[in-house]
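Here's a quick briefing on helix packing and pockets. Have a look at the model first, then read on.

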Amino acid sequence: MGNVILGLLIISPATLYALNKLFEQGISLFYSASLGSIRSALTVLLDRGHVTVAESVDNGRTKKTYAITDAGRAAFIEWMLAPIASGNLETIALSKLYLLGLLPADARAGILEDITARTARDLAQLEQLAGMLDSLELPLEYREIFRYQRLTLEYGLMSHRAGREFFARVSAEEVPPTPPTAPR
């Protein structure tokens, strides 16, 4: 969550409540966050020196506005460029996609290719698991239980296939930057 917050703060400094609104109005489609979890993430980011906080008074109330530091910007870029090693692939991939426009054009293709490759690897693992499960001889009393568990796996397979195809298409559509031409 901290990395998503850093990306949002690159766009504009924000209060806790403004960040919460940003999550509610779009990011919550792929990243669930409560006001408390955003507050906790901001505390960690402050402790790491990735954000600063400025207090002001607005209509008699103290308002805290968070802004990203140079260290926070560097941490955000490092996260964006790093391969997705573990964690919820869909949440991380969609978070990176959502914030991809903050990076220079020459960095975007590599990120999209990494997401596509990770999706393909995860899909291959799920397909291997499906093949293994489908070869099992189940006792009659477990077949109904297994049927629904296998349907859950089928959903995961379909989701990963769709994700792989989507990110492969987005990656293929990514326009590489054109090198500057020499003046005539």
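Predicted model: local features only at pLDDT ≥ 70, side-chain atom pairs only at ≥ 80, totals over all residues.

Residues are numbered from 1 along each chain as its sequence is written, and side-chain values use heavy atoms, with hydrogens and water left out. Helices (DSSP runs of H or I, at least four residues) and strands (E, at least two) are numbered from the N terminus.

**Helix α7 and its partners**

- Two packed helices are described by the angle between their axes and the distance between the axes. Here axes are lines fitted to C-alpha atoms, for helices over the stretch in contact, and angles run from 0 to 180 degrees between N-to-C directions.
- Helix α6 (residues 105-134) and helix α7 (residues 143-173) cross at roughly 155 degrees, and their axes come within 9 Å. That makes α6 roughly antiparallel to α7 (angles over 145 degrees count as roughly antiparallel, under 35 as roughly parallel, 65 to 115 as roughly perpendicular and the rest as oblique).
- The α6 and α7 crossing is left-handed, meaning that the near helix is turned anticlockwise from the far one by less than a right angle; clockwise would be right-handed.
- The contact of α6 with α7 has 15 nonpolar, six polar and seven charged residues. Ala, Val, Leu, Ile, Met, Phe, Trp, Tyr, Cys and Pro count as nonpolar, Asp, Glu, Lys and Arg as charged, and the others, Gly among them, as polar.
- α5 also packs with α7, at an angle of about 20 degrees and with the axes 12 Å apart. That makes α5 roughly parallel to α7.
- α5 and α7 also have a left-handed crossing. Their contact (heavy atoms within 4.5 Å) brings together L89, A93, L94 and L97 of α5 with H160, F166, F167 and V170 of α7. Seven of these residues are nonpolar, one is polar and none is charged.

**Helices α1 and α3**

- Helix α1 (residues 2-11) packs with helix α3 (residues 35-47) at about 80 degrees, with axes 9 Å apart. That makes α1 roughly perpendicular to α3.
- G2, I5 and L6 of α1 meet I38, A41, L42 and L45 of α3. By class, that's six nonpolar, one polar and no charged residues.

**Pockets**

- On a 1 Å grid over the protein atoms alone, a pocket is an open set of points where a 1.4 Å probe fits, with protein on both sides within 12 Å along at least five of seven lines; lining residues have an atom within 4 Å of a point.
- The largest pocket holds about 250 Å³ of space, where a volume is the space filled by probe spheres set on the points, joined across faces, edges and corners.
- Its lining includes L89, A93, L94, H160, F166 and F167. α7 gives the most to the lining of the largest pocket, with six residues.
- The second largest pocket has about 200 Å³ of space, and its lining includes Y17, D58, R61 and Y66. β3 (61-68) and α2 (16-24) are the elements giving two or more residues to that lining, with the largest share, five residues, coming from β3.
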